[in-house]
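Subject: Structure handover

Hello,

Here is the structure we talked about. My notes on it follow below.

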Amino acid sequence: MSDVAIYLNPEAFDTKGRALMGRQSAGESFLRGYLRHSRASQWAFWNVANRKPEALAEMLAELADINRPVTWIPRHDRQGLARAGNVHLPQPNVAREGWRRNMAGLRRGYGVSGITHTTASMDIMDSIADLMTAPVDPWDTLICTSAAVRASVEVELEAVRVDLEERLGATRLPNPNLVTIPLAINTEDFSTTPEQRKAWRDRLDIPDDAIVVLYMGRFNAAVKMNPLPMAMALEKAARRTSKKVVWVQAGWATSEEAGRTYHDECRALCPSVGYREVDGREAGTRFSIWSVADLFISLSDNIQETFGLTPLEAMAAGLPGVVSDWDGYRDTLRHGVDGFRAATYAPAAGAGRDLAYRHTNDWIGYDLYVGAASQVIAVSVDEAAQGLLDLIENDDLRRRMGRAAQTRARTQFDWSAVIPQYEALWTDMAARRKAAAPLPTLPRNVAPNPRRLDPFHLFGGYATEWSSPTTLLMLTPGRTAADVTALFATRLATFGGFVGPTEAEALAIVDMLSDGSQRAIRDLVAEAPPARRPFLERGLLWMVKYDVLTLLPRGGHIG
């Protein structure tokens, strides 16, 4: 049995598009790892995109062997999530799902876990802040992928806590449940062969004795990392060695023009280095390009980063790395063991208030917000250059660090080691939820989501009069069942059709009133199934709207 339903929107796991994002690569990797290493006797997937289950099953089968029963939970079926016990989201919107769960009357019905990818966008920052006010419980969990991102989430939650205490006098504030579980990879995907190495070197015209330094990722200085410090470090190292150094940049840009700018400016700063470009989006390239290299470089400098998969992928391929000492990179690559980390320097707190203010006012977009911040985050070019030189000059050091890196990736960061951490979390969440005391009964005027009120309550003062169970209706003189049938064939009368009655229900109402009687709404819906009655009561006004029925007002009208 499974303790969880996995949120399954193909977009979150699709790595075949032209705009491949890190969250999609991480999502696909997680899904493949879950299918391969889950210990559950059956799986449950939440079909949030409302796709045909057959198509989703085909997508899963491309990732792994589907060797146990699968339950597909329709997107509207939160009772199905309750039967699963938990739902896992591929993003950090735990608070948002808490509100939706509450509106469904299932506050204690199931637990919610979500995961951090980038946490720098306004939408995600708001979602994290909402953990302090949303109807979430102590077992609902935000999974932080690195110690650094967990620290940043804690900083934001503390700022929200202080604001609510000081500005509103709030005293009952939660401690959102945060756990640190790293991202992982399917390390076997990154095993390389001498044949692959030769094929790539032949294709890129790289001699066997050249030392190849690989970067893999998006070619985007604003939202990924600025490549110029990498170029400068490589140039310093290349000038201090007699060996031929080649830099292979495998990735993708947002446009041809952006790609040209990126590569032209990188080349200009490392004239002593051979330079090669590779489109890194194809699956064959993504998993084999590592074979071309002797070592890996990635000097991340951007606040959008939270973990960083590519250093881990390089480690799995047996490559030592030179990376920045930045966020999740320091959780994976051990300095002096698996490679080298170059120090990073950022302005002190308070120096970026203007950036936050500009972004809040929409004067600068997300790309410029994170990109502008990265422009004043410095990576030690000298330390990176020294790490590169040590690895370029010392074959034994490269091999030793590469072996250590590969062992660490396989034992600590393969999904076979990390999926059990997820499953232990979901089991604990389910146990804590089941053991919790019942929720207290809330006053009737407490809305399940005060930000998303029933529109007929929120805008109740708009209409002249609102209906009630005692409101009287009659068949409009001259109307017949044929008028109902014609109405249901009219597009403008039937868009948003779920808000009105079904055609069968409408015909039944016409039949009941065909004797010329006037009947109260509660009597007209009495024979409907109990779960359907509130919707049919509402739907009767649809029949009034299109003059099939006439409503008898309670009193005087417009004065």
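First, a definition: the expected span of a helix is 1.5 Å times one less than its number of residues. Helices (H or I, at least four residues) and strands (E, at least two) are DSSP runs, numbered from the N terminus.

Helix H6 (residues 147–168) fits that rule. At 1.5 Å a residue, its 22 residues should span 32 Å, and the end C-alpha atoms are 31 Å apart, which agrees.

Some ground rules. This is a predicted model, where local features need pLDDT of at least 70 and side-chain atom pairs count only at pLDDT 80 or more, while totals for chains, interfaces and linings use all residues. Residues are numbered from 1 along each chain as its sequence is written, and side-chain values use heavy atoms, with hydrogens and water left out.

More on H6

Buried means under 20% relative accessible area, exposed over 50%, and partly exposed in between (1.4 Å probe, protein chains only). Val149, Val153, Glu156, Leu157, Val160, Arg161 and Leu164 of H6 are buried. They cover an arc of only 140° around the axis, which puts them on the same side of H6. The arc is that of the directions from the helix axis to the C-beta atoms. The face turned away from this buried side carries the exposed residues Val155 and Glu166. Helix H5 (122–129), E6 and E7 are among the elements that cover the buried residues. Contact here means heavy atoms within 4.5 Å. Just after H6, Gly169 takes a positive phi of about 70°.

The sheet

Seven strands form an open sheet, in the order E3-E2-E1-E4-E5-E6-E7, with parallel pairing. Two strands pair if DSSP finds at least two bridges between them. Strand E3 (70–74) and strand E7 (177–180) are the edges, each pairing on one side only. From one strand to the next, the twist averages 25°. Strand E4 (residues 86–88) and strand E5 (residues 111–115) run parallel, joined by three bridges. Val87 has Val112 in E5 as its bridge partner.

Two helices to look at here. Helix H2 (residues 53–63) packs on the sheet and touches strand E2 (43–47) and E3; its direction makes about 130° with that of E3. H6 lies across strand E6 (141–144) and E7, running at about 165° to E7. Axes are lines fitted to C-alpha atoms, for helices over the stretch in contact, and angles run from 0 to 180 degrees between N-to-C directions.

The cores

A nonpolar core is a set of buried Ala, Val, Leu, Ile, Met, Phe, Trp, Tyr and Cys residues joined through side-chain atoms within 4.5 Å. The largest has 99 residues; Trp247, Val248, Ile289, Trp290 and Leu388 have the most contacts inside it. Leaving aside neighbours within four places in sequence, Ile289 is in contact with Trp200, Leu214, Met216, Val248, Ala250 and Val278. A second, separate core of 32 residues includes Trp46, Ala95, Leu157 and Leu164.

Backbone points to check

Most residues other than glycine have a negative phi. Asn50 is not a glycine, yet has a positive phi of about 60°. Asn50 lies in the loop between E2 and H2, and at 47% relative accessibility it counts as partly exposed. Asp205, also not a glycine, has a positive phi near 55°. Asp205 is in the loop between helix H7 (194–203) and strand E8 (211–218). At 61% relative accessibility, Asp205 counts as exposed.

Best wishes
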